[in-house]
Amino acid sequence: MPIVAQSTETTDWVSRFADEVIEESERRAPGKPVVVASGLSPSGPIHLGNLREVMTPHLVADEIRRRGYQARHLISWDDYDRYRKVPAGVPGVDETWAEHIGKPLTSVPAPKGSAYPNWAEHFKAAMIQSLAELGVEFDGISQTEQYTSGVYREQILHAMRHRGDIDAILAQYRTKKAPAKKQQQKPVDEAELEAAEGSGAAAEDDGSSGSAGYFPYKPYCGNCEKDLTTVTSYDDDSTELTYSCTSCGFSETVRLNEFNRGKLVWKVDWPMRWAYEGVIFEPSGVDHSSPGSSFQVGGQIVGIFGGKQPIGPMYAFVGISGMAKMSSSKGGVPTPADALQIMEPQLLRWLYARRRPNQSFKVAFDQEIQRLYDEWDRLEAKVADGTALPADVAAHSRAVRTASGELPRTPRPLPYRTLASVADITAGHEDQALRILSDLDPANPLASLDEARPRYDKAEAWINTHVPADQRTIVRDEPDTELLKSLDEQGRESLRLLLDGLAGNWSLDGLTHLVYGVPKVQAGFSADATPKELPPEIKTSQRSFFALLYQLLVSRDTGPRLPTLLLAVGQERVRHLLGA
């Protein structure tokens with residue numbers, strides 16, 4: 001038994017599950033690696049809801065490894081599932097792909113222009129790359145390879161011999177379904193991403209029930225490759241199986257002990273794999289955890305294969321904010337690759353680590369991402385100075401490192417909203433971006449933009465892909481002479497105070513103090529006066545002053561934070577636009 005490094009992170013959900021899983025693993029398979037599992041169907045873009053299927057067991061397995069135990073995280077690629085429908089909005093795919101419905105995903109052509117050999121490999125590739133960026137270690141299992149190589153042959157024959165027992169279990173849950181209620185479709189940016197959406201669980205039936213009885217196995221047709229087949233006879237002794245295809249009319253008789261072109265139906269396949277792999281922990285989405293669902297039924301069927309149901313928490317949906325603005329969307333749902341384009345892996349890991357599996361949360365693609373980054377930076381500061389709560393320390397630790405070590409991070413993590421503003425204003429001119437960012441802290445300037453990467457690149461990608469053109473910042477070329485002429489004495493005085501203080505306050509902190517201080521000084525207070533020392537109307541004066549500056553600089557009432565905007569525009573140009 002390994003030496004356990006006792007975790008101080010005892011207040012977070014990951015540690016509690018790790019305790020339970022280790023105890024259960026020692027009971028079921030003492031001395032062997034702890035097995036946790038996920039299942040993903042590459043039937044289309046693998047989205048951020050599906051990512052919860054991976055991150056939940058990953059975090060538990062990682063905690064187990066931190067304690068000195070061996071753990072295997074299996075990801076079963078359900079690439080031998082049937083192709084159910086043509087997903088909308090996938091580049092390189094048109095209505096002709098409908099002719100492949102019913103075939104295994106690995107027999108469907110990849111989208112036009114893809115570098116991959118088939119549909120499944122095309123969508124697996126992007127997820128594998130994202131998991132590498134997120135620091136997720138796993139053992140991938142292709143169900144196409146498992147079934148077509150005969151790995152599950154004994155399990156298939158066993159299921160066929162016990163088809164009556166399986167049918168009796170399933171019969172307990174076969175009830176007449178009530179008519180489905182019509183639901184108004186939500187906009188994508190309001191919709192919740194169901195973690196199991198698109199998986200084999202969503203659409204497979206219980207098996208073939210015809211005049212010959214029930215069978216938990218479906219062959220793929222030897223002529224058209226589709227699973228629109230019905231088993232018409234089967235002999236347990238010889239394993240001779242006859243099936244017919246309702247799609248093309250083909251029929252044949254095969255020996256199941258030699259035949260590798262078919263699979264167990266989902267509600268039998270899943271518990272079979274639990275037993276075969278010795279899975280101790282596998283979460284499931286809310287659709288799999290309802291009465292009569294595949295997880296509940298599987299808990300009974302797994303015994304037929306000599307196994308036990310895993311510890312399986314139900315996990316909630318993942319929501320999206322700002323999806324409607326996405327220009328990089330593939331197939332209408334945001335993927336981990338989309339999220340990693342605009343946020344560092346640590347932030348994305350943190351979103352999944354800080355909430356219990358049964359708590360829903362949102363991944364932000366709109367302005368909310370700036371607030372999330374502010375929250376993350378505050379947490380980093382609290383962890384550094386020892387003031388963070390234990391659960392927050394645990395979530396932070398799981399975000400920034402795994403049992404294998406620290407994830408790569410930005411050397412100088414400047415505020416995301418500042419980086420976004422600079423990227424917006426400079427529009428790809430890196431020399432200008434470096435100049436502005438160096439002015440943020442003149443005593444400790446950036447030597448290279450690389451010090452702010454990859455966070456700077458993420459912020460720039462967010463500006464370029466998620467901020468509408470009419471919200472981008474365009475600095476005026478010439479002063480707004482009409483507006484300048486129309487100013488009263490108070491307005492002109494506010495600009496004079498600002499211009500007089502520019503040179504001596506040319507840093508982020510200095511300019512922040514200056515722009516907030518001008519209205520205070522005009523009202524007869526010290527620029528250092530705190531809000532408690534000031535009358536409420538000072539806030540109104542500040543807002544009016546800020547609006548004036550935005551109009552003179554960018555012809556709008558709002559924009560990037562003024563200190564950042566002033567640094568970006570530069571002293572000489574600011575003086576020109578403010579009528580110095």
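**Exercise 1.** Determine how the side chains of Arg-455 and Asp-377 meet, and which parts the pair ties together.

*Solution.* Step 1: Arg-455 and Asp-377 form a salt bridge, with N to O at 3.0 Å; the term denotes a side-chain nitrogen of Lys or Arg within 4 Å of a carboxyl oxygen of Asp or Glu. Step 2: Arg-455 belongs to helix α15 (residues 455-466) and Asp-377 to helix α11 (residues 368-385), so the pair ties together parts that are 78 residues apart in sequence. Helices (H or I, at least four residues) and strands (E, at least two) are DSSP runs, numbered from the N terminus. Step 3: Arg-455 is buried, at 2% relative accessible area, whereas Asp-377 is partly exposed at 21%. Here buried means under 20% relative accessible area, exposed over 50%, and partly exposed in between (1.4 Å probe, protein chains only).

The model is predicted: local features need pLDDT of at least 70, side-chain atom pairs count only at pLDDT 80 or more, and totals for chains, interfaces and linings use all residues. Residues are numbered from 1 along each chain as its sequence is written, and side-chain values use heavy atoms, with hydrogens and water left out.

**Exercise 2.** Describe the salt bridge between Arg-409 and Glu-380, then the one between Asp-81 and Lys-263.

*Solution.* Step 1: Arg-409 and Glu-380 meet at 2.8 Å, N to O. Arg-409 lies in the loop between β17 (405-406) and α13 (416-426), and Glu-380 in helix α11, so this pair ties together parts 29 residues apart in sequence. Arg-409 is partly exposed at 40%, while Glu-380 is buried at 17%.

Step 1: Asp-81 and Lys-263 meet at 3.7 Å, N to O. Asp-81 is in the loop between β2 (71-77) and α3 (119-133) and Lys-263 in strand β11 (residues 262-264), so the link ties together parts 182 residues apart in sequence. Asp-81 is buried at 4% relative accessibility, and Lys-263 is buried at 5%.

Step 2: The whole structure holds 37 salt bridges. A network of salt bridges links Asp-12, Asp-19, Glu-63, Arg-67 and Arg-398.

**Exercise 3.** At what angle do helix α17 and helix α18 pack, and which residues meet?

*Solution.* Step 1: Helix α17 (residues 489-502) and helix α18 (residues 508-522) pack at about 145°, with axes 10 Å apart. Axes are lines fitted to C-alpha atoms, for helices over the stretch in contact, and angles run from 0 to 180 degrees between N-to-C directions. Step 2: Contact (heavy atoms within 4.5 Å) involves Gln-490, Glu-493, Ser-494, Leu-497, Leu-498, Gly-501 and Leu-502 in α17, which meet Leu-511, Leu-514, Val-515, Val-518, Val-521 and Gln-522 in α18.

**Exercise 4.** State how many residues of α7 are buried, and what its span should be.

*Solution.* Step 1: In α7, 10 of 12 residues are buried, among them Trp-266, Trp-270, Met-272 and Trp-274. Step 2: The expected span is 1.5 Å times one less than the number of residues. For helix α7 (residues 266-277) this gives 16 Å, and its end C-alpha atoms are 16 Å apart, which agrees. Step 3: Just after α7, Gly-278 takes a positive phi of about 65°.

**Exercise 5.** Identify the buried residues of helix α14 and what covers them.

*Solution.* Step 1: In helix α14 (residues 430-440), the buried residues include Ala-433, Ile-436, Leu-437 and Leu-440. Step 2: Their cover includes α13, α15, α18 and α20 (562-569).
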